[in-house]
Amino acid sequence: MDARMDIVGNPVGRKVMKYIASAGLAVKDSALPATTHELVQMRASQINGCGFCLDMHTKAAARAGETPTRLNLVATWREATVFTNAERAALELAEQGTRIADAAGGVTDDAWANAVKHFDEGQLAALVCTIAVINAFNRANVILQQPAGDDLP
């Protein structure tokens, strides 16, 4: 399976993807835990049906120390006992931030208040930006039908 186009082979696409990737790198330098960062990206990618990003971030999470059990349970984090309360708050924020069109009003005050309990302002900024950036990448990759499975560290 081939992607519909080589987005980085196009001057405009390459420039935009470079800027989005730079935004994502800025978050990596934040105090948001690396595993939370990857779990959030995995969950948004699952919701958006982006196999390319899901492959990439599952492998990155494993490199960051995630266990196979936790990786396998991200989609069912509400029922799983392996996530901390902070991770649950981050995953809830990621879900609501990804599914903005599914519910009028976007992210609920309860979800935001729960995240505020577990993360400081810098971490919250990183979390919000992570959700925004992964959703941008997901949408581009889904539109282009970017194939998954070939990501290498």
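Here are a few questions and answers about this predicted model.

User: Which residues is A90 in contact with, leaving aside its neighbours within four places in sequence?
Analyst: A90 is among the residues with the most contacts inside the largest core. With its neighbours within four places in sequence left aside, A90 is in contact with T36, V40, F119 and L127.

User: How many residues are in the second, separate core?
Analyst: Good one to look for in the structure. Its members include M42, A61, A80 and F83. This separate core has 9 residues.

User: Is helix 1 roughly parallel or roughly antiparallel to helix 7?
Analyst: The axes of helix 1 (residues 11-28) and helix 7 come within 9 Å and cross at roughly 150°. Angles over 145 degrees count as roughly antiparallel. Therefore helix 1 is, relative to helix 7, roughly antiparallel.

User: How many residues of the contact of helix 1 with helix 7 are nonpolar?
Analyst: From helix 1, M17, I20, A21, A23, G24 and V27 meet A126, C129, T130, V133, A136, F137 and A140 in helix 7. Of the residues in this contact, 2 are polar and none is charged. The number of nonpolar ones is 11.

User: How far apart in space are T35 and H57, C-alpha to C-alpha?
Analyst: T35 lies in helix 2 (residues 34-48). In sequence, T35 and H57 are 22 residues apart. In space, their C-alpha to C-alpha distance is 9.9 Å.

Notes: Residues numbered from 1 in each chain as written. Predicted model: local features only at pLDDT ≥ 70, side-chain atom pairs only at ≥ 80, totals over all residues. Heavy atoms only, no water. Core = buried A, V, L, I, M, F, W, Y, C linked by side-chain atoms within 4.5 Å. Buried < 20%, exposed > 50% of the residue type's maximum accessible area, 1.4 Å probe, protein only. Contact = heavy atoms within 4.5 Å. Axes fitted to C-alpha atoms, helices over the stretch in contact; angles between N-to-C directions. Helix = DSSP H or I, 4+ residues; strand = E, 2+ residues; numbered from the N terminus. Parallel < 35°, antiparallel > 145°, perpendicular 65-115°, else oblique. Nonpolar A, V, L, I, M, F, W, Y, C, P; charged D, E, K, R; others polar.
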